[in-house]
Amino acid sequence: MRYTITQSRLLYVLSQNDRKHQGLLKIGEVFVDNEIADSKNSQELGKAVRAVLDARPYMQGVSYHIEYVECTTYDQDSKCYKADDVYRTLRAMDIPSKTLGKYKDPTTGQTEDADIWFACTIFDIQDVICKIKQGKGAGHGAIKFRPEQEKAIHDTVEYFQKEFKDPNKGKHYLWNAKMRFGKTLSGLEVAKRCGYRSTLIITHRPVVDKGWHDDFAKIFRTPEALADYHAKGLEPAYGRRMMDDNDSQGDFYTLTREVDAGKKILVFFVSMQYLRLSQFVCGKERNFDPLKRAIMEYDWDFVMVDEAHEGIDAAAGVRVMNKLKKENTRILSLSGTPFNLLDKYEESEIYTWDYVMEQRAKQFWDEHHYGDPNPYADLPRMQILTFTLPKMLRDQAIQNNEVFKFHEFFRVYTEEDKLQLQKLIDNEPNAVKKAEYQEKLSEVKIDKFVHQKAIERFLSKLTKESDTSLYPFSTDVFRDHFRHTFWLLPGVKEAAALEQLLRKDDVFGEENGMFHIINAAGDGNIEDKNGSALADVLDNIRGNAKKNITKKDYTITLSCGKLTTGVSVPEWTAVLCMKGSENTPAANYMQTIFRVQTHAVLEGRQKSDCYVFDFAPDRALTAVAETAKMAVYAQTEKGKKQMKLTQKKEEEHLAAFIKLCPVLSMDEGEMGKHFSANQIFEKLSNVYIERAVRSGYADNSLYNPDQLMNLSPEQEKALGDVHDLLGSMPNAWKPEKINVNNNGLSNSDADHTKYIYYLSASEALPARPSMAAEFDENGKPTTHDDGWDDVMCAPSELFPYLYISHSQLLEGEWCSFSNPVLWKKWENKEKDDKTDEAKKKRDEENKEKRARMSVLRGVAIRIPLLVYGAEINDEAGEEITIDNFASEEIVDQASFPQQYDQFMTTLCFHFGRNQYFKRRRGDILISPEEQEVIRQMLEKVGADSKMDFDNYEEHINWDA
């Protein structure tokens with residue numbers, strides 16, 4: 001295994017000696033290792049091109065001749081041209097071309113030209129190459145969108161212009177499009193094609209203003225676009241809340257008046273943070289700002305929300321969006337990770353383009369387009385490489401990675417640490433112990449690492465050459481590969497402390513080594529409001545003569561959240577993740593790691609690969625798995641999911657992802673080991689289980705609230721019985737009150753009652769069912785009457801009424817089925833009914849859902865004690881299973897609630913209530929002395945005391 005960052009482009013020209021291709025030349029490009037391109041030998045380059053072409057399916061059995069080949073790197077190895085540059089310049093010179101094929105992309109549905117040849121000579125092509133190298137090649141002209149961008153634009157325009165019977169339809173659309181998709185250009189093209197006169201851009205990242213402004217010019221101010229607007233008496237204008245003197249086209253009030261007067265097309269940029277401060281939306285501004293209100297009250301034709309996952313579903317964001325929505329306003333939300341928004345949109349309102357789709361398009365382009373310039377060739381492949389940090393340090397104090405926490409490893413001393421130690425000294429009667437505390441106090445240095453020696457060993461390891469692992473900075477070659485990297489750390493103080501260590505390091509330090517350290521953590525605010533952090537990074541990487549900043553050949557950028565969303569630094573080739581845990585939201589993780597996938601030309605070579613070095617493997621695996629689940633969810637019609645089918649699709653998507661973005665373990669002894677889809681999903685399951693346990697089963701993802709609201713009569717009765725049982729226990733936590741549907745519910749137990757169900761499209765009561773002569777397999781009565789069924793199905797839009805009837809076993813005989821009663825009625829929950837009555841009903845339903853989940857939680861938190869108290873024969877190999885878990889042979893069901901309550905009450909008294917629950921969640925490790933107390937308590941309440949706790953370390957000795 002090796003690290004690859006760039007590859008070289010080889011431009012080739014070939015001919016085919018047959019009638020179809022007579023007088024035509026094919027121009028294409030292939031990518032090869034830099035060592036091959038550096039040979040400069042035309043024969044060697046020709047062999048390299050032929051090796052690539054002969055492996056392509058469409059070239060099998062084809063006789064061709066390579067007329068010309070050269071490496072496209074030029075200008076002292078600082079630039080490279082592309083085959084597309086040659087195509088555009090030939091067309092600008094009116095050189096005729098011929099398209100020999102068409103291809104319909106199954107993903108986008110777009111039909112594209114394929115297999116393009118030029119009617120020219122080799123000398124024409126060489127002349128064009130010279131012009132390009134002299135800076136005289138044809139410009140890009142009008143933007144040519146990639147197929148998936150064109151599909152997104154087309155689908156959105158079509159949706160916004162479509163007429164719907166439901167007045168609430170057709171107003172909202174979501175682009176679930178990966179980072180680097182080109183959402184700004186494509187979104188502005190939607191505004192242009194729809195003919196919107198006023199467009200508002202809202203973002204949580206004000207620093208991206210320049211990017212939006214630049215893209216505005218590419219869409220609205222091209223010569224062709226300006227000619228069209230001027231012919232209509234219109235002038236396109238870009239505005240923002242704060243305009244600088246060189247760029248001012250008028251303030252908001254002037255611009256909107258000219259729009260209303262039919263003189264201008266306006267695109268206006270503003271930050272969400274600015275708007276939600278307004279008193280108009282209950283914001284916290286001290287002095288009323290009329291501009292905020294004016295922006296929100298204006299009747300915008302089109303609103304685009306950039307990085308929409310960042311807070312538009314929070315209360316403040318919702319208030320802003322509600323003010324902006326007008327009768328004819330269309331809203332397009334843009335996000336690479338809209339995991340928190342998917343439930344708010346139907347499948348028909350979401351356009352999805354993810355990393356798997358992109359890399360597949362890149363992979364199969366040549367096969368379907370026969371060597372035409374690949375628009376995806378610039379997009380690097382990503383690889384996620386995991387290192388288990390405790391294993392790197394060979395720390396014997398840590399038995400497994402679950403004990404390891406970044407915030408502890410990188411913890412710095414604070415004033416609180418000094419105060420705590422001084423308190424221990426003051427209260428310690430033992431002279432020896434007091435001396436130990438005093439020595440420890442003398443070592444405390446505020447804002448320095450607590451485990452500094454361990455961190456120094458970690459940095460040393462990163463730069464140490466190893467036969468069993470490829471540490472990213474361990475050789476001069478690797479350091480050249482990773483000249484510019486992005487390091488994510490737990491916090492501001494941690495970043496500052498690491499900056500000081502790096503500056504003194506023999507390899508990383510600028511004085512002793514080669515790397516310039518840029519601390520972008522700032523004050524800890526993840527927003528880069530004025531763009532100063534990004535500017536500092538780019539100025540140091542590229543140099544800025546105006547600011548007297550010299551270009552740095554090697555840089556490390558430290559951050560604790562800034563620059564992780566919405567910014568691009570093309571020179572970054574790797575991100576080092578040293579923050580968070582397996583509970584880090586997948587959206588945050590993916591936004592961060594995709595910062596390094598920006599396309600770039602580095603020293604005249606195309607950036608082909610980029611890397612993520614993650615020192616918490618569990619976090620990387622769970623983020624990848626959750627992303628796969630969300631990708632499938634976004635493309636699944638809501639309400640029509642089939643569990644097994646969905647799981648299969650998730651596994652298929654994850655398998656595709658890790659094939660195109662390999663996830664490998666780089667730990668010593670297993671370097672380059674690939675993680676399989678099954679391993680990754682297994683890790684995700686373990687994380688879900690741990691979250692549930694740590695939350696005391698309060699994690700709502702454990703429960704299906706919709707299913708809890710569609711219970712059968714037996715289930716309703718059982719839920720009510722459990723609720724009453726839990727509520728009757730003295731000194732115990734009580735579940736919230738629930739409302740059991742008693743309509744048609746028998747008081748008999750389940751064994752003595754038989755329910756049957758009738759789904760109907762009509763509200764008319766069905767006839768009373770008759771009893772058949774046959775009984776079911778459980779000895780209960782049946783009916784042959786049409787429409788009645790033993791299995792309950794939830795009502796739907798097609799059959800909105802569910803009726804039930806039941807028979808009871810009385811004195812050994814089954815009674816006739818009862819008169820039918822309405823059990824459930826379907827309601828359209830998607831209907832946006834804003835009446836007070838509808839709102840009250842929704843609130844009541846949500847309250848009922850929470851209450852029913854609280855009952856299940858009351859059972860769930862008692863399960864561990866059930867396990868501890870289970871009567872099983874270990875010597876005989878007997879195990880607790882799903883089938884035997886609730887049996888009376890295994891668990892004394894009558895006593896377990898009292899056992900648990902006695903157990904919990906006593907320990908709450910011993911530890912204190914908050915301290916007890918912190919230990920149960922795992923927030924506080926349980927010492928051996930406390931373990932013994934718990935064992936004694938278990939024995940006292942009648943549970944098996946022969947149990948083992950997880951490993952406990954009295955002290956994690958990082959500095960050993």
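1. A salt bridge is taken here as a side-chain nitrogen of Lys or Arg within 4 Å of a carboxyl oxygen of Asp or Glu. The structure under review is a predicted model, and by this rule the count comes to 44 salt bridges. Arg2 and Asp33 form one of them, with their closest N and O atoms 3.0 Å apart. Arg2 belongs to the segment before strand 1 (6-15) and Asp33 to the loop between strand 2 (26-32) and helix 1 (34-37), so this pair ties together parts that are 31 residues apart in sequence. Arg2 is partly exposed, at a relative accessible area of 48%; Asp33 is also partly exposed, at 26%.

2. A second salt bridge joins Lys26 to Asp372, and here the closest N and O atoms are 2.5 Å apart. The pair links distant parts of the chain: Lys26 is in strand 2, while Asp372 is in the loop between helix 13 (355-369) and strand 15 (381-386), 346 residues apart. Lys26 and Asp372 are both buried.

3. Asp378 and Lys82 also meet through their side chains in a salt bridge, at 3.0 Å from N to O. This pair too links distant parts of the chain, with Asp378 in the loop between helix 13 and strand 15 and Lys82 in the loop between strand 5 and helix 3 (83-92), 296 residues apart. The two partners fall on either side of the burial cut-off of 20% relative accessible area. Asp378 is buried because its relative accessible area is 15%, whereas Lys82, at 23%, is partly exposed. Through salt bridges that share partners, Asp378 and Lys82 are joined with Arg9 and Glu29 into one network.

4. The backbone at Asp77 deserves a check by the reader. Most residues other than glycine have a negative phi. Asp77, which is not a glycine, has a positive phi, near 60°. Asp77 lies in the loop between strand 4 (73-74) and strand 5 (79-80). With a relative accessible area of 41%, Asp77 is partly exposed.

5. The backbone at Leu563 raises a related point. Leu563 has a positive phi of about 70°, although it is not a glycine. Its place is in the loop between strand 18 (555-559) and strand 19 (574-577). Leu563 is buried, its relative accessible area being 3%.

6. The last point concerns a pair of helices. The axes of helix 16 (residues 415-427) and helix 17 (residues 431-443) come within 9 Å and cross at roughly 160°. Angles over 145 degrees count as roughly antiparallel, so helix 16 is roughly antiparallel to helix 17. The crossing of these two helices is left-handed.

7. The residues in contact between the two helices can be listed by side. Helix 16 contributes Lys418, Leu421, Gln422, Leu424 and Ile425. Helix 17 contributes Lys434, Tyr437, Gln438, Lys440 and Leu441. By class, the contact of helix 16 with helix 17 has five nonpolar, two polar and three charged residues.

Conventions
Residues numbered from 1 in each chain as written. Predicted model: local features only at pLDDT ≥ 70, side-chain atom pairs only at ≥ 80, totals over all residues. Heavy atoms only, no water. Helix = DSSP H or I, 4+ residues; strand = E, 2+ residues; numbered from the N terminus. Buried < 20%, exposed > 50% of the residue type's maximum accessible area, 1.4 Å probe, protein only. Axes fitted to C-alpha atoms, helices over the stretch in contact; angles between N-to-C directions. Parallel < 35°, antiparallel > 145°, perpendicular 65-115°, else oblique. Left-handed = near helix turned anticlockwise from the far one by under 90°. Contact = heavy atoms within 4.5 Å. Nonpolar A, V, L, I, M, F, W, Y, C, P; charged D, E, K, R; others polar.
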